[in-house]
Amino acid sequence: MSDIRVRTARAHEHERVAAVTVEGFRSRNSAPRPERLALLRDTPGRAAAGDLLVAVHEPNGTLIGTASLLRPGTAYARLALHDEAELRLLAVLPEHRGRGAGGALLTEGIERARSWGMRALVLDTGRDNVVSQRVYHRLGFVRQYAREERENRHRPLKTAVFSHDLGRRRA
């Protein structure tokens, strides 16, 4: 993981970040619906709703992954309560998976959410996405079964909801 650095995406990189997001999700779902594709491509909107993170492979500076760290109450946050940040749209290019980029994005998301004074970081994933769920458990996320029923009842496909306790809220 020492050759992966996580930072905030720069405005001139938004188009590339959108391409990384689409490619990361397309490898799992070959035909995203048009509204899902619009979400994956809206990097300026996600950046405005919190922090658009990128994983960069050093020393060449190639963008290999991304995640959106969202503030509660913003347009793209769908799970976060008033004292929680939400991490969405974590995507790593297929050829870079299994090398720590996803874990690095999650770890940075945890630290930034903590610096915002949030009580917890929440996220969701497909119930059958066991690879990602193993990473979440390894990093201290706990599955929130009750929130799956309440938070996702409007969706035809249920997701697995996880939260990470960030400790005491900052004053």
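Q: What does it take for two strands to pair here?
A: DSSP has to find at least two bridges between them; strands (E, at least two residues) and helices (H or I, at least four) are DSSP runs, numbered from the N terminus. This is a predicted model, where local features need pLDDT of at least 70, side-chain atom pairs count only at pLDDT 80 or more, and totals for chains, interfaces and linings use all residues. Residues are numbered from 1 along each chain as its sequence is written, and side-chain values use heavy atoms, leaving out hydrogens and water.

Q: OK, how do strand 6 and strand 7 pair?
A: They're antiparallel, over two bridges. Arg 143 sits opposite Phe 162 of strand 7.

Q: And what order do the seven strands of the open sheet take?
A: 1-2-3-4-5-7-6, with mixed pairing. Strand 1 (4-8) and strand 6 (142-143) are at the edges with a single partner each, so one side of each has no neighbour in the sheet.

Q: New topic: at what angle do helix 1 and helix 2 pack?
A: About 135°, with their axes 8 Å apart (axes are lines fitted to C-alpha atoms over the stretch in contact, and angles run from 0 to 180 degrees between N-to-C directions).

Q: Which residues touch?
A: Among them are Ala 18 and Phe 25 of helix 1, and Leu 37 and Leu 40 of helix 2; contact means heavy atoms within 4.5 Å.

Q: Where's Leu 89, and is it buried or exposed?
A: Leu 89 is in strand 4 (residues 84-92) and, at 7% relative accessibility, counts as buried (under 20%; exposed is over 50%, partly exposed in between, with a 1.4 Å probe and protein chains only). The phi of Leu 89 is positive, near 55°.
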